[in-house]
Amino acid sequence: MKTCPRKKRKEYPPGIEPEKLPERCYYDPRGKGRWYTIFDENGKSVSRKIAEKSASIAELHVKIEQFYKDGQEDRTTFKWLTDAYLKSFDYREIGPDTKKQYNYARDCLLKIKTSRGSMLGDTLHKNWMPKDVQKIVNQMTLERGPSSARHIKQYISMLFNFGIRNGYCEKDSHPAPPRSIKLPEERQHRPMPSPELYARVLTYAMQKAENATHRSASSYIWQILEVDYLCRLRGIEARSMTEDKLTEQGIECQRAKGSSANITVWNDRLRFAIDEALKRRDRIWAKKKKPIDLNPKDRPVFVNTVGEKIKPGCWQNAWRDFLFAAIKDGIMTQDEWFGLHGMKRKGITDTEGSKADKQDASGLKSANMVDIYDQGVKVVKPASE
């Protein structure tokens, strides 16, 4: 964060070089002269004397460090604002994925050094301007990619909105108002397996499941792949599925991020995948002598090797190991790597019918979202027909 350099003033004591003064250290020439600092206390700026006029630059650095180390809260810095958000009710209310995203953005920002050599977290949040946020976005785009840069800008906007709502920041001091920051274009990389690749991967996953030990996660991968594809689900929507969603008509698909719920009717493939998942789960529960919950809402369809719900980290490790094995065995190449979300794209792409039919089947909120997921090419008649 670039700030105006301190100018040499006549009233500075002899031997003091302004550019070497510590942050938040100021000189008052009145009377005998004194060095002081300013901090926020209950919404008001308060000054405190930290040293006499005769203090050296080294002594001032020690005094400032000791003053704030002793517990005097300084609400003026950007780091304090990030810490205040971590302790807030707003932070406790957001979901785990959003927390992970915000924590990542915070860590990235606090590692940045300003042009003066100080850390970004030590800058005064009231001095932030749109040009500073734009500089950060540009730097993060180069260092971490456009997607991370957009997330970090989103975090900055959220953080200052939080500060304004709670009186920590001035109302007119938002450094990233709407449409003031130019964001990088995200890479349009949405991998989805081809029909041939999916057939090979599915067959490979089923073969590994037959030979899997009780400690191997390979036995449930093909089942989740099939349910994700056939029901057009996100990975977490399939992994968190409970037995009460299995109806006579089909699977009641409860979708995240505001998408509409619907029921995907049974077919032979879907029924087979679910039946095998339930058999596997029941075998693990019987072997572990796990008590069975009476309420179907408490019985997950897919479980890990010890009979518990499959957590995101568990799935990511199992999926990564599975794809590495598939590459090693020649089933696919590194360039064909795809994530579980690619199965939702494939499911929407392979759904027959119009855009409205695909939207109804997938539960997407808008037709524009269908355009993002549907990677198929329309087949049309010649103009003369």
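**Helix packing and nonpolar cores in a predicted model**

Helices α4 and α6, the latter spanning residues 146-165, pack against each other at an angle of about 95°, and their axes lie 9 Å apart. Since angles of 65 to 115 degrees count as roughly perpendicular, α4 is therefore roughly perpendicular to α6. The model that shows this arrangement is a predicted one.

On the α4 side, the contact is formed by Gln101, Tyr102, Tyr104, Ala105, Arg106, Cys108 and Leu109. Facing them from α6 are Ser148, His151, Ile152, Gln154, Tyr155, Ile156 and Met158. Sorted by class, the contact between α4 and α6 comprises 9 nonpolar, 4 polar and 1 charged residues.

Cys108, one of the α4 residues in this contact, has a relative accessible area of 4% and is classed as buried because that value is under the 20% limit. Cys314 has a relative accessible area of 29% and is partly exposed, because this figure falls between the 20% and 50% limits. The structure contains 0 disulfides.

The chain beyond α4 can be followed next. Lys113 is located in the loop that links α4 (96-110) to α5 (130-144). Its relative accessibility is 59%, and Lys113 counts as exposed because the value is over 50%. Apart from neighbours within four places in sequence, Lys113 is in contact with Ser118 and Met119.

A further helix pair is formed by α7 and α11, which pack at an angle of about 110° with their axes 11 Å apart. This angle also lies within the range of 65 to 115 degrees, so α7 and α11 are roughly perpendicular to each other. In this contact, α7 contributes Val201, Tyr204, Ala205 and Lys208, which meet Phe322, Ala325 and Ala326 of α11. By class, the contact of α7 with α11 has 6 nonpolar residues, no polar residues and 1 charged residue.

The discussion now turns to the nonpolar cores. The largest nonpolar core has 41 residues, and within it Val227 and Ile274 touch the most other members. At least two residues of this core come from each of α7 (195-210), α8 (218-231), β4 (250-253), α10 (268-288) and α11 (312-328). Of the contributions to this core, that of α8 is the greatest, at 9 residues. When residues up to four places away in sequence are not counted, Val227 touches Arg232, Leu233, Ala238, Met241, Leu270, Ala273, Ile274 and Phe302.

Arg24, in the segment before β1 (26-28), has a phi near 65°, a positive value in a residue other than glycine. The relative accessible area of Arg24 is 13%, and Arg24 is buried because this is under 20%. Lys289 is likewise not a glycine, and its phi is positive at about 55°. Lys289 is placed in the loop between α10 and α11. With a relative accessibility of 73%, Lys289 counts as exposed because the value is over 50%.

Notes: Residues are numbered from 1 along each chain as its sequence is written. This is a predicted model: local features need pLDDT of at least 70, side-chain atom pairs count only at pLDDT 80 or more; totals for chains, interfaces and linings use all residues. Side-chain values use heavy atoms; hydrogens and water are left out. A disulfide is a pair of cysteine sulfur atoms within 2.5 Å. Buried means under 20% relative accessible area, exposed over 50%, partly exposed in between (1.4 Å probe, protein chains only). A nonpolar core is a set of buried Ala, Val, Leu, Ile, Met, Phe, Trp, Tyr and Cys residues joined through side-chain atoms within 4.5 Å. Helices (H or I, at least four residues) and strands (E, at least two) are DSSP runs, numbered from the N terminus. Contact means heavy atoms within 4.5 Å. Axes are lines fitted to C-alpha atoms, for helices over the stretch in contact, and angles run from 0 to 180 degrees between N-to-C directions. Angles under 35 degrees count as roughly parallel, over 145 as roughly antiparallel, 65 to 115 as roughly perpendicular and the rest as oblique. Ala, Val, Leu, Ile, Met, Phe, Trp, Tyr, Cys and Pro count as nonpolar, Asp, Glu, Lys and Arg as charged, and the others, Gly among them, as polar.
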